[in-house]
Amino acid sequence: MFLRIYAPLNHQSRTLCRMSVLLALAFGTPFVHAQSNGLTINEAIQLSLQRSSLTKAANASVLASRESAAKADQLPDPMLKVGIDNLPVTGSDRYSTTSDFMTMRRVGIEQQWVSSDKRVARSERAQRAVEMEESTYLESVAKVREETAKAWVNVLYGQRTLALVSGMEKEASDDLIAVNAAHRGAKANASDVMQAQLSLSQAQDASSKNIQDLRNARLALSRWTGMPAAIVSDESPKLISHVPGLPIDELEKYHPMLLTARRAINLADADSTVATRESNPDWSVEAAYSQRGSQYSNMVSFGISIPLPVNRAQKQNRDIAEKSALGTKARMQYEEALRDLQTDIESQSSTLESLKERIQQLNAQLLPAASQQAELATAAYRSGEGSLSAVFNAKKMLLERRLQIVELEREAALTWAALEYQVVPHDTVSVGETK
């Protein structure tokens with residue numbers, strides 16, 4: 001879960017308070033039961049968003065941009081001006097500030113005046129910059145959600161793979177005990193014993209490998225959740241994604257990559273507006289009070305400074321043309337991002353459906369056949385018509401088919417996670433927009 005806060009700049013303290021309360025409500029759920037019952041995928045994602053430095057850094061950047069935007073429509077600070085005019089440097093009155101009637105001690109103030117349309121344009125541009133930072137924050141949120149979901153999936157199927165291999169190891173150990181007993185009773189030969197020992201060694205090696213793989217997967221999950229390696233809930237994802245059905249206007253709201261591309265256009269347009277407004281120079285207004293000797297009158301001065309644009313075609317017009325070209329660039333990048341996104345979503349969706357069909361087919365056809373073959377080989381051996389080697393081969397084949405299905409399920413779940421978690425949740429975005 002994440003929060004994106006939209007609030008007037010002059011209510012920022014209230015916004016921060018609301019964000020703190022919402023974070024406490026969102027992440028205040030105790031996770032003690034998760035360790036005993038297994039960490040669910042949603043709990044893992046909540047922990048990751050709560051503890052991720054990536055999202056915290058992005059949120060800090062949003063707050064920084066809001067602070068900068070707060071001053072965008074302000075006038076420049078006035079300038080205090082002091083000095084002495086017409087001070088004699090020769091003759092009997094040299095360096096005297098009161099003897100000569102032209103000598104004046106002056107104090108004044110100068111204010112650069114920025115037109116209201118310029119300040120509005122600057123403020124709008126600052127708001128577009130804030131939105132860009134917000135989209136960067138959403139990108140980090142989506143990344144954390146996706147990577148956490150993938151890490152959780154790897155732990156889940158790592159657990160299942162290890163359970164299969166460990167079961168096979170126990171079965172191979174029991175087989176070895178039985179074959180040794182049969183060999184002592186002259187009902188099995190030495191080659192059967194060697195075959196049983198070989199099967200047990202292979203199973204033990206597979207268990208060792210999968211134990212290490214599961215340990216690595218749990219470490220990867222801990223990297224995101226900030227918790228020690230844990231057991232995850234043995235609950236398969238439903239592998240149903242709503243992302244392929246989202247229209248373009250929905251993707252612009254909830255897919256960070258496309259949202260960033262759209263807001264880049266808005267920022268470029270705001271830059272163009274600012275450049276157009278800035279082409280007109282700012283005036284400065286000055287007023288001063290001059291004090292002379294006591295025998296002379298004091299004086300007041302005032303004036304206006306007006307910059308004179310020289311060679312506008314090579315300066316101001318170039319700035320406008322530059323910003324316009326950058327706007328065209330942003331639009332082209334948006335079109336490219338949209339095509340890439342649509343292709344990626346379609347490809348991932350097609351891959352997911354293909355994997356689900358393969359899993360269904362293997363469960364319906366291949367796995368039952370392998371199980372039946374193992375049962376037949378075992379029955380033939382018990383009746384004295386088959387070899388122990390055939391039994392071991394059939395069991396190995398059955399394990400390989402089960403592992404094949406688990407691996408396909410892992411691949412499908414990873415594809416689903418990459419597809420489903422590349423967008424941010426609709427409800428949390430709506431909550432952020434209303435604050």
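What follows is a chat about a predicted model of one protein chain.

Me: What does the secondary structure of the protein chain come to?

Reply: Eleven helices and four strands. Keep in mind that the model is predicted.

Me: And how much of the chain is buried?

Reply: Of the 435 residues in the protein chain, 40% are buried.

Me: What share of the contacts join residues at least 24 apart?

Reply: Counting contacts between residues at least 6 apart in sequence, 80% join residues at least 24 apart.

Me: How many bridges join each pair?

Reply: β1 and strand β2 (residues 104-113) are joined by seven bridges. Between β2 and β3 there are nine. Strand β3 (residues 283-291) pairs with β4 over seven bridges. Each of these pairs is antiparallel: β1 with β2, β2 with β3, and β3 with β4.

Me: I want to walk across the sheet from M79. Which residue in β2 is the bridge partner of M79?

Reply: E110 is the partner of M79 in β2. From E110 the next step is E286, the bridge partner in β3. E286 in turn stands opposite G303 in β4.

Me: What holds strands together in general?

Reply: Strands of a sheet pair through backbone hydrogen bonds, parallel or antiparallel.

Me: What does G303 touch?

Reply: Apart from neighbours within four places in sequence, G303 is in contact with S284, V285 and E286. V285 is 18 residues from G303 in sequence, and their C-alpha atoms are 6.1 Å apart.

Me: Where does α9 bend?

Reply: At L362, by about 40°. After α9 comes G384, with a positive phi near 85°.

Me: Pick a residue in α6. Is L214 buried or exposed?

Reply: L214 lies in helix α6. L214 is buried, because its relative accessibility is 6% and the cut-off for buried is under 20%.

Me: Which residues is L214 in contact with?

Reply: V155, G158, Q159 and L162, leaving aside neighbours within four places in sequence. L214 and V155 are 59 residues apart in sequence, yet 6.2 Å apart from C-alpha to C-alpha.

Me: Now the largest nonpolar core. Which residues touch the most other members?

Reply: I41, W152, L221, W416 and Y421, out of 74 residues in that core. The elements that each supply at least two residues of this core include α3 (41-51), α4 (53-69), α5 (116-184), α8 (256-278) and α10 (388-420).

Me: Which helix gives the most to this core?

Reply: α5, with 16 residues.

Me: And I41, what does it touch?

Reply: I41 touches A149, W152, W416 and Y421, not counting residues up to four places away in sequence. W152, W416 and Y421 are also on the list of residues that touch the most other core members.

Me: Last one, S279. Where does S279 lie?

Reply: In the loop between α8 and β3.

Me: Why does S279 count as buried?

Reply: Because its relative accessible area is 9%, and buried means under 20%. S279 is in contact with R312, Q316 and I320, apart from neighbours within four places in sequence.

Technical notes. Residues numbered from 1 in each chain as written. Predicted model: local features only at pLDDT ≥ 70, side-chain atom pairs only at ≥ 80, totals over all residues. Heavy atoms only, no water. Pairing = 2+ DSSP bridges. Bend = angle between axes of the 7 residues up to and from the residue. Core = buried A, V, L, I, M, F, W, Y, C linked by side-chain atoms within 4.5 Å. Buried < 20%, exposed > 50% of the residue type's maximum accessible area, 1.4 Å probe, protein only. Contact = heavy atoms within 4.5 Å.
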